Amino acid sequence: MGCLVICMKLAVIGVNHKTAPVSLRERLSFGSDMPQAIGQLSTLANGCTIVSTCNRSELYVGISDDVGGQHESQDEQSGGLTSAKLQEIGEWLAEFKGVSFDEIAPYMYTYEDSRALNHWLRVAAGLDSMILGEPQILGQIRQAVALSREYGGVDSDFGWLTQQVFAAARTVRRDTKVGQQAVTLGFATARLATQIFDTPSKLTFLLVAAGEMNRLVAHNVAALGVKKIIICNRSLDRAQALSDELSEMAKQAGRTLEIELAGLDRLGEVLPQADIVSSCSGSMQALIDTAMVKHALKIRRHQPMLLVDLAVPRDIEPSVGQLDNIYLYSVDDLQHVIAGNIAERKQAAVEAELLVGQLVADIEAQMQVQVARTHIRDYRQMAEARTQALLSQAMAQIDQGEDAKAVLSEFSHALSQTLMHSPSRLIRQIAKTSDADTLDSISHELIHSYRKPV
């Protein structure tokens with residue numbers, strides 16, 4: 001384990017749903033370009049992870065502590081970067097995404113050291129999510145770290161730190177109620193459906209993509225007792241797995257559920273059947289445009305449609321929302337839908353925030369222990385090397401016929417002087433810079449250690 005505090009510090013640069021509109025977040029999101037991005041970013045940092053979700057694009061990086069610049073972190077919405085290295089990384093992000101740095105800088109936030117660690121733990125625990133306490137983000141961060149490790153972005157120090165973050169996030173969710181009775185995007189979608197449609201048992205629900213987010217949405221909407229679900233996905237194997245899961249749910253609830261599978265190439269064909277659409281594909285281009293929805297409305301005789309776009313970049317053209325009988329919601333819109341349902345979790349979040357502070361202090365203490373271990377190892381290696389050098393010199397003198405007792409006496413004196421030099425300097429330094437109790441404690445420990453039997 002290398003020196004996490006002396007040689008590396010954690011920093012985060014990013015935008016999220018609180019600092020930037022979805023129109024900007026989608027331009028900074030990562031998809032199939034993630035491996036290339038990790039490869040480039042890892043040349044600028046000592047370990048990195050890119051977390052890109054519908055609500056945030058964040059770069060978590062380890063940077064050398066000798067990069068210069070200020071160490072004071074920026075608040076969200078403050079703009080500006082705090083060191084030359086962070087400036088370089090921020091400019092890399094803008095260039096990689098083909099946007100102007102000046103355009104995105106006002107929306108970016110940066111944190112370093114303790115504040116960066118605090119932010120990462122809050123994100124992983126769901127405290128910084130649009131939907132307070134949502135559970136998906138920890139899994140998304142795990143996937144991001146795994147991908148970064150696969151493409152060379154995670155070294156041993158950075159990997160150790162990610163494991164501490166994961167463990168602490170699990171503690172927060174286990175020991176507080178912030179994750180209980182969570183209002184999810186799936187819950188919000190189901191609630192919208194009940195507000196727009198009177199009879200769920202007559203509805204057809206279309207999922208565009210069968211990823212984890214849409215899986216959770218499907219669970220909530222299926223629980224309303226919809227008549228039919230269409231799963232439109234590139235991989236029919238994955239769609240079939242979700243179909244089997246939903247069929248089993250309906251069976252256990254004693255309901256009849258029709259499920260149809262379709263490839264994305266049939267999206268325009270099946271869209272007119274859908275009363276409710278949830279799309280979260282990860283595609284870099286829109287999958288549902290205004291012309292497709294106009295055609296669907298015509299076939300449906302202008303019966304209303306609820307379209308929920310959970311993707312960033314967006315799967316559904318924003319102009320679709322201007323059509324009559326269309327109810328289009330983005331991830332940002334859903335925040336207003338769920339605003340009245342999180343009072344209990346806000347109370348739990350107060351406890352969670354306090355726990356996060358304690359856990360950050362614990363992690364930093366462990367980091368210091370890692371540094372101490374490094375120093376102890378280096379001191380032991382130095383002592384062993386010096387001992388071997390003195391021993392070789394003594395053996396050579398004995399081989400040359402010098403008196404063994406005299407040689408051993410000289411060897412003992414030289415070795416004790418060598419080993420006592422650093423502790424003596426340490427005691428003098430502590431006497432100058434620390435309180436009397438610290439000096440007494442360390443002096444007692446050093447003296448006591450030599451009284452122990454060998």
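Predicted model: local features only at pLDDT ≥ 70, side-chain atom pairs only at ≥ 80, totals over all residues.
1. Residues are numbered from 1 along each chain as its sequence is written, and side-chain values use heavy atoms, without hydrogens and water.

2. Two cavities of 30 Å³ or more are present. A cavity is a set of points, on a 1 Å grid over the protein atoms alone, where a 1.4 Å probe fits but cannot get out; lining residues have an atom within 4 Å of a point. Points are joined across faces, edges and corners, and volume is the space filled by probe spheres set on them.

3. The largest cavity holds about 130 Å³ of space. Its lining has 14 residues; C54, N55, E134, L185 and M213 are the closest to its centre. Helix 6 (residues 136-150) gives the most, three residues. Helices are DSSP runs (H or I, at least four residues), numbered from the N terminus.

4. By class, that lining of the largest cavity has seven nonpolar, five polar and two charged residues. Ala, Val, Leu, Ile, Met, Phe, Trp, Tyr, Cys and Pro count as nonpolar, Asp, Glu, Lys and Arg as charged, and the others, Gly among them, as polar.

5. The second largest cavity has about 60 Å³. A222, G225, V226, L246, M249, A250, R255, T256 and L257 line it. Helix 10 (residues 236-252) supplies the largest share, three residues. The classes here are six nonpolar, two polar and one charged.

Terms used:
1 Å grid on protein atoms, 1.4 Å probe; cavity = no way out; pocket = protein on both sides within 12 Å on 5 of 7 lines; lining within 4 Å. Helix = DSSP H or I, 4+ residues; strand = E, 2+ residues; numbered from the N terminus.
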